[in-house]
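Please look at the sequence and the model before reading on.

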Amino acid sequence: MTDPRARQRKQMHLAVHAPGAGNTTVWALPPAGPATTPAKGSPELRPGGPPARRSPCSGSHTDFSSFRHLAATAERGLFDFLLLAEGLRLPEHKGRIHDLDAVGRPEPITLLSALAGVTDRIGLAATADTTFHEPYELARRLASLDHLSDGRAAWNVVASSSDAFAAENFRPGAAHLDRPECFARAAEFVVTARELWDSWTPGGVPRPFAHHGRHFSVSGTFDVARSPQGHPVVIQAGDSEEERESAASAADVFFAGPPGTPEAGQALRADVGRRLAAYGRRPEDLKIMPGVTFALGDTDAEAQENAAEIRKQQVSPQGALFALERVWGRDLSGYDPDGPLPGIDPDPAGEAAPGRAPVADPLAVAARWRAVAEAKGLSIRQTVIETAGRQTFIGTPSSVAAQMDGFVTAGAADGFVLLPHHTPGGLDDFVDRVVPLLQERGAFRTEYAGATLREHLGLPLPVWKG
Amino acid sequence: MSAPIRPLHLAVSIDRPGVRDAESYVRAARLAERGRLDFVTLGDTLGPPRRGASRLDALAVLARVAPATDRIGLVPTVTTTHTEPFRVADAVSTLDRVSNGRAGWTAEVSATEAEARHFGRRAPAPADALWHEAAAVAGAAARLWDSWEDDAEIRDAATGRFIDRDKLHHVDAEGPGWSVRGPSAVPRPPQGRPVTAVDGTHLPARAAAARHADVVYLRTGPTPAPGAVRAARADLHARLRALGRDPGRVVVLASLPVALYAAADAVALADLAGSWWADGVVDGFHFRPRDPDRDLALLVDGTVPVLQHRGLLRSFYPGGTLREHLCLPRPANRHTTARRTA
């Protein structure tokens, strides 16, 4: 069935980022009990059966079964792709492994290769950084994933700039590069990967390649035949000037930060559009998909309550003190998270937590936090929750569908990468309750029209540059 | 301590040069599973295509096969010369995770000029140096697999702690020109440590095998003579004892090229396997079919039933993990052991 309105209006693209390691994943919810897990063979599990209403629960974020559930849910919701992060090093605090947040990330290309066997249509996107990989090996693994999934592979490019901390897990090589050089290496990496993917003729004959640049000097014969998509879809993540430029020059999808307002999204599109033009590319050659969070409820009031509850779950009392210590640069373990903010000022020379972005201007952040706490009479934990920012979309399923559609019809985004706050069921409610309303509005597909991720995204096959 | 009495172990290569559809590999692995083989192998190299035939990343292929199979072990070749030791460990660990404990890896090196030029980072090195590094990678992988103790994830809401940080460990493993700080990005794999295999035919590799391998292949030609294999296995056992390792905990497989044209060939192969095993030449066999379709089918429908009929081969999988198929215990975590003995 094809909704006639679908042809008349712009449809959005949807992706999901698998919740895993990090401080936004809620891990302390009670595990799924018999009351919330449908029994095998129950109507909820039959194709086309009624959607089960489940309480959120925290499952394993490293077991294959959790990823399998998430992938199946996203595919049931006709999503464009599922995105997995990559683990370079566990975060540490004061020389010890940070213990308050979920940690543990399976190797993404291996995990997605397995998911290719239990899914049919959904795109499979692996994050892979360009500082600690080499083009031949990564291009080969991504091309293999594209073959094994019949054209559903994508690569989320991340330039791990000057990450001396992560570098301790890898061969010495690119570890010494400064930030501009890391982005230059990333750009040359993508170019080299595309040269390797182009080195086989569409007719199946391998041809020698040679790339001699500033960061890579490689030559020989690539051993993977041209893959079903020609090139796996290239996603550029990030928000910085450099990342916008990389997206405009070489990516198919820009996984941007949360959009804030439709106006901000329109401004981003205009900026990226100018950059695209400089590379001779059209606006439709790059799909802008910001990462977004959401909270649903049967009424707007209930949605607001749920949203507040999720934000509270994301900041434990211990997590609040840790967030405070990151800003203050001091040991604040003696403070009560339910008490007021410390009277002492941050130590700008204090130790930053390795593996995490440093707080840019701690004195300014502290002043802002104090102002919020005083104005609203908030404790340490309440202040951290209050300043952490709200979910992008909060409301009833119908309201969230309208908000998302509004962004897309205003030209502020081509779609969204959803960031659920728990696994494995963090996408269930969205797929069961919001997707049907998006479809009713004609804002989202009612069936997969194509087989490959490029087809889902409306991207043409890359022209073979032999 | 005397070696345990092992059943006859069988493995088969599912290499299919030029084949790039996942279903062919799934069919082959399922067929091997129907024959109750211990594991399938898939070769790999970072070199150029051989005779123009496309090749896929072996670990990715067997990860694709994992959810389509239930019991068979999955052992891709993974190279150690131009790859990152940290990622090798995490990828094999993840293969173990997606297969519920059926993963292994055959450690290999990249010795050619062609492979070196694909990376442009280092010149080709002699076999001794490469296998010295491969042993360091296998050692680093074993340490990374132990870097999370089995009960490290505690999810203790009362204290807000997701993990018990005392049960995660830096590894500080070192190889020539590199080191890995750790811990692994992924929790300890289901088997504790996935099975490490090495082709120990040549001496530099055999030295690495003696240090780290759970499974050692000894390659033979198409008309194999037991004498050379017996001698190589005795040499390996001497090396294991010199390193304080129990030879009963290392499975030695003769790796044979096979070409089966008729049922009689399948029976002849069963005769050979049975007699070598009875004579204590090897613990089992790794078959390398010349024609992947024809030979594997005859192996499963011809050779396997004969061996089962003679009581040399089981007719079902008593265990679920590759270690269980190979009668190898799940290794204790070195950190847990150290804590308990302290």
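## The model

This is a predicted model, in which local features need pLDDT of at least 70 and side-chain atom pairs count only at pLDDT 80 or more, while totals for chains, interfaces and linings use all residues. Residues are numbered from 1 along each chain as its sequence is written, and chains are lettered from A and ligands numbered from 1 in the order in which they are written.

## Domains of chain A

Chain A is divided into domain 1 (4–298 + 391–457) and domain 2 (316–387); such bounds come from an automatic or database domain assignment. Taken over C-alpha atoms, the centres of domain 1 and domain 2 of chain A are separated by 32 Å.

## The largest nonpolar core

A nonpolar core is a set of buried Ala, Val, Leu, Ile, Met, Phe, Trp, Tyr and Cys residues joined through C-beta atoms within 7 Å. A residue is buried if 20 or more other C-beta atoms, placed from the backbone, lie within 10 Å of its own. The largest nonpolar core has 240 residues, of which Leu82(A), Leu124(A), Ile235(A) and Val40(B) touch the most other members. Helix α5 (residues 127–145) of chain B gives the most to this core, with twelve residues; helices are DSSP runs (H or I, at least four residues), numbered from the N terminus. Because domain 1 and domain 2 of chain A both give residues to this core, it lies between them.

## A pair of helices

Helix α12 (residues 397–409) and helix α13 (residues 428–440) of chain A pack at an angle of about 50°, with their axes 9 Å apart. Axes are lines fitted to C-alpha atoms, for helices over the stretch in contact, and angles run from 0 to 180 degrees between N-to-C directions.

Definitions and conventions
Buried ≥ 20, exposed ≤ 12 C-beta atoms within 10 Å, placed from the backbone. Helix = DSSP H or I, 4+ residues; strand = E, 2+ residues; numbered from the N terminus.
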